[in-house]
Amino acid sequence: MVISIGFEGSANKLGIGIVKDGEVLANCRRTYITPPGEGFLPRETAKHHQNNIILLLEETIKTSGIQPEQIDVVCFTKGPGIGSCLVSVAAVARTLAQLWNKPLIPVNHCIAHIEMGRLITGSDNPTVLYVSGGNTQVIAYSGKYYRIFGETIDIAVGNCLDRFARVLKLSNDPSPGYNIEQMAKNGKKYLKLPYVVKGMDVSFSGILSYIEEKAPSLLSSGEYTPEDLCFSLQETIFAMLIETTERAMSHCQSKEVLIVGGVGCNERLQDMMKIMCEERSAILYATDERFCIDNGVMIAHTGALMHNSGYKTTWENTFCTQRFRTDEVEVTWRS
């Protein structure tokens, strides 16, 4: 029996979670929200994490019903992410590990999303679509590594949605992507947008530039509503993601798809993926916002898997890195 605590703060979500042998005891989170039309800057986001992490730790310990001395391992996000945010959270995890005299496990953020998705949904060996504000990848496990079959060659899908939300001056509460999703539900008129799939990779920056340039005139003329533009953007970029995911499934002869990451909460993306899966006699696995959005539980769970498989690290190697690819990590806990 292993009880692990995980600290996540790679972007604007600060999360701390406690897991006991795959059972979630606490999953607490704070989100840094900026005014409409604005993104979150590294310095201010890191300050938010610094100001909230001790209060969030107290809440997490209280919610879990366990004491610090019962914790077996301390885990934190090593990367990828925003440097100042990663360092702010890692400093607290390092300090607690030394105070409590517990082993410290640095976790890959992307792999944590995958392992949390596998735990919650019960999926066995899925083709994974990982979609978030900073990452877009199609992934499958093979030979002790999570292999990347396709990815964005510029900005992530979540970043594309967030930046268009700024154009429309949508609220960042609870998230710009969520508010685009709600507006898209009322969109009726489709605007044809560039469809950019290059082999197994996708590109969103050109699509974003195109719709940013067209939006003012289309909206002022009344030809399209903001809801129409949100609908058009979602339909286009989600179709691109499903095309590349389906090709990866075909190559791997996979009958399972798992959607993870913050954009994975999007119900329209899930609906479109489900249609594709049904056509292939495959199963779609997805989770809700408790586990799709960045959280500490996924770090705690993945750290526990690493710890149980014999992973050890020295204090000198518990650093953070803004660039930490999914396929760099040897997956010692899967056969």
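**Stop 1: an open sheet**

Begin by selecting the five strands that form an open sheet with mixed pairing, in the order β3-β2-β1-β4-β5. Strands, like helices, are DSSP runs numbered from the N terminus: a strand is E over at least two residues, a helix H or I over at least four. Two strands count as paired if DSSP finds at least two bridges between them. At the edges sit β3 (23-31) and β5 (104-108), each pairing on one side only. Direction ignored, neighbouring strands of this sheet are turned by 20 degrees against each other on average.

A word about what is on your screen: this is a predicted model, in which local features need pLDDT of at least 70 and side-chain atom pairs count only at pLDDT 80 or more, while totals for chains, interfaces and linings use all residues. Residues are numbered from 1 along each chain as its sequence is written, and side-chain values use heavy atoms, with hydrogens and water left out.

Next, zoom in on β1 (residues 3-8) and β4 (residues 73-79), which run parallel and are joined by four bridges. Select Ile5 and look across to β4, where its bridge partner is Val74.

In the loop between β4 and α2, find Pro80. The peptide bond leading from Gly79 to Pro80 is cis, with omega near -5 degrees.

**Stop 2**

Is β6 enclosed or open to the outside? Five of its five residues are buried, so β6 is largely enclosed by the rest of the structure. Here buried means under 20% relative accessible area, exposed means over 50%, and partly exposed lies in between (1.4 Å probe, protein chains only). Show the side chains: Thr127, Leu129 and Val131 point one way from β6, and Val128 and Tyr130 point the other way.

β11 runs parallel to β6, joined by four bridges, and Thr127 stands opposite Val257 in β11. β7 runs antiparallel to β6, also with four bridges, and Tyr130 has Gln137 as its bridge partner in β7. A hairpin of four residues leads from β6 to β7.

**Stop 3: annotated positions**

Select Tyr130, Val131, Ser132, Gly133, Gly134, Asp162, Gly177, Glu181 and Asn266, where an unreviewed UniProt entry places the feature "binding site". UniProt positions are given in the numbering used here, feature names are shortened, and annotations may be inferred rather than shown by experiment.

Compare two of these positions. Gly134 is in the loop between β6 (127-131) and β7 (136-142), and at 58% relative accessibility Gly134 counts as exposed. Asn266 is in the loop between β11 (256-260) and α8 (267-279), and at 5% relative accessibility Asn266 counts as buried.

Which residues does Asn266 touch, not counting those up to four places away in sequence? They are Glu181, Gln234 and Phe238, where contact means heavy atoms within 4.5 Å. Also look at the backbone nitrogen of Arg268, which lies 2.9 Å from a polar atom of the Asn266 side chain.

**Stop 4: the cysteines**

How many disulfides are there? The count comes to zero, with a disulfide taken as a pair of cysteine sulfur atoms within 2.5 Å. For Cys252, the closest cysteine sulfur is in Cys277, 14 Å away, which is too far for a bond. Cys265 is in no disulfide either, with the sulfur of Cys292, the nearest one, 3.8 Å away.

**Stop 5**

Go to Thr287, in the loop between β12 (283-286) and α9 (289-292). Thr287 is buried, with a relative accessible area of 11%. Beyond its neighbours within four places in sequence, Thr287 is in contact with Ile120, Thr121, Gly264, Gln270 and Cys292.

Then select Pro174, in the loop between α4 (157-167) and α5 (176-184). The peptide bond from Asp173 to Pro174 is cis, with omega near 0 degrees.

Finish at Gln253, in the loop between α7 (226-252) and β11. Its phi is near 55 degrees, a positive value in a residue other than glycine. At 70% relative accessibility, Gln253 counts as exposed.

Technical notes. Polar contact = N/O pair within 3.5 Å; in protein donor to acceptor, adjacent residues only side chain to side chain. Axes fitted to C-alpha atoms, helices over the stretch in contact; angles between N-to-C directions.
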